[in-house]
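Good morning. I will go through one structure today, starting with how its parts pack and ending with a few single residues. Please have the picture open while I talk.

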Amino acid sequence: MNRKDKALKKVNGTKKLLLSVIDNPQNYKNISTIKIALISQGALANYSDEEIPACSLNTLKSACERNLEGGFEKLDLLRINALKKIEKAIEQDKPKNITKSGLREKNQELIDELYVTRTENLNLS
């Protein structure tokens with residue numbers, strides 16, 4: 001697979017993922033890698049899974065300009081909307097008061113986030 005095909009696969013896969021997150025945020029609210037990828041443009045470019053290869057931000061921008069109607073601005077708008085939908089879904093599920101179960105849930109979220117961060121740091125080294 002050459003670079004252009006890989007970039008096209010990244011654009012199409014990312015767009016499909018973002019639309020899926022917007023339509024069904026409840027399915028993605030507990031997946032920390034996706035939540036982290038939605039935080040910034042660079043994190044989205046670096047995100048990869050079985051169907052979506054990682055690439056640099058500049059590669060993603062230029063591939064979007066060539067292959068996506070609306071260009072990178074549209075993809076970034078989808079990213080921002082997906083992030084808002086996930087945050088809203090998380091807020092709806094959070095307990096209103098600080099309870100034991102709420103603190104346990106928060107603790108598990110932090111442990112999961114720490115695991116993802118450690119894994120990413122290990123991949124960088």
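The axes of H5 and H6 come within 6 Å of each other and cross at roughly 115°. Axes here are lines fitted to C-alpha atoms, for helices over the stretch in contact, and the angles run from 0 to 180 degrees between N-to-C directions. H5 is therefore roughly perpendicular to H6. On that scale, angles under 35 degrees count as roughly parallel, over 145 as roughly antiparallel, 65 to 115 as roughly perpendicular, and the rest as oblique. On the H5 side, the contact (heavy atoms within 4.5 Å) is made by Leu57, Leu60, Lys61, Cys64 and Glu65, and on the H6 side by Gly71, Phe72, Glu73 and Leu75. By class, that gives five nonpolar, one polar and three charged residues. Nonpolar covers Ala, Val, Leu, Ile, Met, Phe, Trp, Tyr, Cys and Pro; charged covers Asp, Glu, Lys and Arg; the others, Gly among them, are polar.

A word on the source. This is a predicted model, in which local features need pLDDT of at least 70 and side-chain atom pairs count only at pLDDT 80 or more, while totals for chains, interfaces and linings use all residues. Residues are numbered from 1 along each chain as its sequence is written, and side-chain values use heavy atoms, with hydrogens and water left out.

H5 has another partner. The axes of H1 and H5 come within 9 Å and cross at roughly 80°, which means that H1 is roughly perpendicular to H5. From H1, Ala7, Leu8, Lys10 and Val11 meet Thr59, Leu60, Ala63, Cys64, Arg66 and Asn67 of H5. The classes in this contact are six nonpolar, two polar and two charged residues.

Now the whole protein. How many helices and strands are there in the protein? There are seven helices and zero strands, where helices (H or I, at least four residues) and strands (E, at least two) are DSSP runs, numbered from the N terminus. The C-alpha atoms fill a box of roughly 50 × 35 × 20 Å along the principal axes. Of the 125 residues, 31% count as buried. Buried means under 20% relative accessible area, exposed means over 50%, and partly exposed is in between, with a 1.4 Å probe and protein chains only. Among contacts with a separation of 6 or more, 63% come from residues 24 or more positions apart.

Next, the inside. A nonpolar core is a set of buried Ala, Val, Leu, Ile, Met, Phe, Trp, Tyr and Cys residues joined through side-chain atoms within 4.5 Å. The largest one has 26 residues, and Val21, Ile34, Leu38 and Leu60 touch the most other members. Helix H1 (3-23), helix H3 (32-37), helix H4 (41-46), helix H5 (57-67) and helix H6 (71-93) each supply at least two residues of this core. H6 gives the largest share, seven residues. Leucine 38, leaving aside neighbours within four places in sequence, is in contact with Leu18, Val21, Arg79, Ala82, Leu83 and Ile86.

Is cysteine 64 buried or exposed? At 0% relative accessibility, cysteine 64 counts as buried. Beyond four places in sequence, cysteine 64 is in contact with Val11, Gly71, Phe72 and Leu75.

Aspartate 76 lies in helix H6 and has a relative accessible area of 14%, so aspartate 76 is buried. The side chains of aspartate 76 and glutamine 41 are joined by a polar contact of 3.0 Å. A polar contact is a pair of N or O atoms within 3.5 Å; within protein, one must be able to donate a hydrogen and the other to accept it, and residues adjacent in sequence count only if both atoms are side-chain atoms.

The other is lysine 29, in the loop between helix H2 (25-28) and H3. Lysine 29 is buried because its relative accessible area is 11%. A polar contact of 2.9 Å joins its side chain to that of glutamine 26. Not counting residues up to four places away in sequence, lysine 29 touches Lys35, Ile86, Ala89, Ile90 and Asp93.

Last, lysine 9 in helix H1, which counts as partly exposed at 35% relative accessibility. Lysine 9 and glutamate 51 are 42 residues apart in sequence and 7.9 Å apart in space, C-alpha to C-alpha.
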